[in-house]
Amino acid sequence: MSATGAPKKKPTHEELEATSAGSGVPVPDQIGSGFEGGVIDQAKAWLSRVRGGEMGVLPAVAGLVVLFVMFTIASPYFLTDRNFANLLTQAAPYVMLAMALVFVILLGEIDLSAGVTSGVAMGLFVVLSNPGGIKMNWILALLIALAAGAAIGTFIGFFVARVGIPSFVVTLGLFLGFQGLELLIIGTGGLYRIQEPAVIAIESNNLEPWQGWVMIAVILVISFATAMVDRRRRTRAGVPNRTITLLWIRLVIIAVIGGVVVALLNQDRGQSLLAITGVPIVVPLTLFILWLGTFVLDRTKFGAYLYAIGGNPEAARRAGIKVVGIRWTAFIICSSLAVVSGLFSASKVGSVDASFGTQTVLFGVAAAVVGGVSLFGGRGRLIHGAVGAVVIATITNGLGLLNLPGGVNLLVTGGVLILAATVDAVSRVRAGGSLTR
Amino acid sequence: MAQPIVELTDITKSFGPVSVLKGVSLKVYPGKITALVGDNGAGKSTLIKGLAGVQPYDSGTVRFDNNIVGLHNPREATALGIEVVYQDLALCDNLDIVRNMFLGREETEWGTLDEGQMEREASETLRSLSVRTVKSVRQKVSSLSGGQRQTVAIARSVLKDARVVILDEPTAALGVAQTEQVLALVKRLAEKGVGVLMISHNLVDVFAVADYISVLYLGQMVASLEATQTTSDDVVGYITGSKTYTGVNV
């Protein structure tokens, strides 16, 4: 028999065997789900998925390890507790921006205005809250900035989801227009220093050492609890669970990596008599948003519909999904999270000027792609964007320590982006897919 | 004869000046397979899009279980238990079989997806249709062959107690063995008591499974016959308009 149907790819030997099962074969009691078997079966299944092109975050993590080894050899300063904390705070704005963009990239859309959106919102924030100016309460000013982000997302969503203009065009227009709006809000050549200590604290202050350990404990408890809820539901439904050993392995990995990171950050990294210890405050903030976003994408209908629309919008529409509403919401989430990224960035830099955020958006897109998110939509997770952003921040940080000319940084970042895209494309072609999708 | 589950009477539909359906009548019976045949442009797609609620009819009555219903959007059709399997299958390649089968009607508990429940129901539905060709319900659809995709699409349609399933050219683009499997699946669908309306260009397939054959010609139903009472040659005649049938019984 031949699988001459509409498959876009050549069926593998296994599929042919599966489809050629004649009518003499008895109907199985239960159709498999890939959850059966012990650790070794699961590892084999995972390996075959990776070989089949579902590399996920693997290339980015491998790249990160390579970069860490290279920079540790090349610079005595790279793997120090001080630089490690610095790397994390440098990465945080990019991680937030990449996560923001993942929401629209999953739809196969793009938001080129995410950077300037953060600039407009943070411009509003500093103008409203600055002690020399309107002197608004900083929390209120921050809420207004976030609302401005949501409003911008609503605006983009209207033109993309409702009117049907390609997001590339709408957000390119905003990218240009908002650079002007930033100039109008802040004033040509203007620069506002962030004066509110609480905002500066996000990137500059640290948790108490014990709070870092509590953070790891909370992460472990939440991971364990959600896994147990999943297992209970599967047991109740009478479908197999993955072997529980896998859960233990995962928790041990989280505990070890998290433990090393917290232990490293709890060292005194101060250069003077004043001790600086602890996990930067931005780390738990970012991890919380990562967890919340991943929860929404993996476990809610909204997340399921986002992936469905990214995969096949027509199928989603026929299934009764309100495609316009989901698209619209994704743009609102993206712009709102972009403002959070701007907040981190302003906290790190300590000021907001009229060109704030104009350079960052393509780094965010690059981070998502490096992490394994497909620009065609439907493939990728928030953690991919986050890891990709750490890769890009590591390149900037490491090359900065080597005293190389600034241009080298951009060249290397661009090279890594193309490399990541190539790895992704080649892995899918090997798996029988096509280069373009 | 049993009570029809769906009965269309004098359906019309125009796109601007072009009149596509000119007073079409059609019946679909529970547990029976009705084949809808006709040449390109005869109005088959327009007729089923109306039944699916995607493109409402201009005039005419739709009776479902003998009650007059309006089909203004896909949700109304779905609520009645009318499901359509389109020719392009409308599956999301990037999602697995379970997520595809439940697309738009996921099982939730406390606002979160109940994957275990969905996986069990998907697996049960596939087994109730005696599907042997799918190894794992968590396979991505992108890894499936054409016949397996058709299987998933049909299984999706009957997941939630569908009463009427409309199949748009289910065997087009399939190889011989896969066509055989899908036709067997269509028969099992009818055996479950579902009213099946199958569009097809392939008269061999039509005569292999259909109980009734309805022929559309240029927007009019020119013949509605029992499959056993007619021949392939006659049906070709009605499709091409070279023959007319006087005893149209609907």
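Six residues touch the most other members of the largest nonpolar core, which counts 157 residues: Leu101(A), Phe125(A), Leu306(A), Met101(B), Ile213(B) and Val215(B). Helix α4 of chain A, residues 81-105, gives the most to this core, with 16 residues. Apart from this core lies another of 29 residues, including Leu8(B), Ile48(B), Phe64(B) and Ala77(B). As general background, nonpolar side chains tend to be buried together in soluble globular proteins.

Please keep in mind that this is a predicted model. Chain A averages a pLDDT of 86, and 91% of its residues score at least 70. Over residues 1-24 of chain A, however, the pLDDT is below 50, and this stretch has 44 contacts in the model beyond near neighbours in sequence.

Leaving aside residues up to four places away in sequence, Val215(B) touches Val37(B), Gln220(B), Met221(B), Val222(B), Ala223(B), Val235(B), Tyr238(B) and Ile239(B).

Chain B also holds an open sheet of four strands, in the order β2-β1-β4-β5, with antiparallel pairing. Its edge strands, β2 and β5, each pair on one side only. On average, neighbouring strands of the sheet are turned by 30° against each other, direction ignored. Inside the sheet, β1 and β4 of chain B pair in the antiparallel sense over five bridges.

| Strand (chain B) | Residues |
|---|---|
| β1 | 6-15 |
| β2 | 18-28 |
| β4 | 59-64 |
| β5 | 67-69 |

Back in chain A, helix α8 spans residues 197-204, and Val199(A), Ala201(A), Ile202(A) and Glu203(A) are buried there. The buried residues of α8(A) pack against α4, α5 (114-129), α6 (138-163), α11 (282-299) and α14 (323-349) of chain A.

Ser374(A) sits in the loop between α15 (361-371) and α16 (382-401). Is Ser374(A) buried or exposed? Ser374(A) counts as buried because its relative accessible area is 7%, and the cut-off is under 20%. A polar atom of the Ser374(A) side chain lies 3.1 Å from the backbone nitrogen of Phe376(A). Not counting residues up to four places away in sequence, Ser374(A) touches Ile105(A) and Arg379(A).

Definitions and conventions: Residues numbered from 1 in each chain as written. Chains lettered and ligands numbered in written order. Predicted model: local features only at pLDDT ≥ 70, side-chain atom pairs only at ≥ 80, totals over all residues. Heavy atoms only, no water. pLDDT = per-residue confidence, 0-100. Contact = heavy atoms within 4.5 Å. Pairing = 2+ DSSP bridges. Helix = DSSP H or I, 4+ residues; strand = E, 2+ residues; numbered from the N terminus. Axes fitted to C-alpha atoms, helices over the stretch in contact; angles between N-to-C directions. Core = buried A, V, L, I, M, F, W, Y, C linked by side-chain atoms within 4.5 Å. Buried < 20%, exposed > 50% of the residue type's maximum accessible area, 1.4 Å probe, protein only. Polar contact = N/O pair within 3.5 Å; in protein donor to acceptor, adjacent residues only side chain to side chain.
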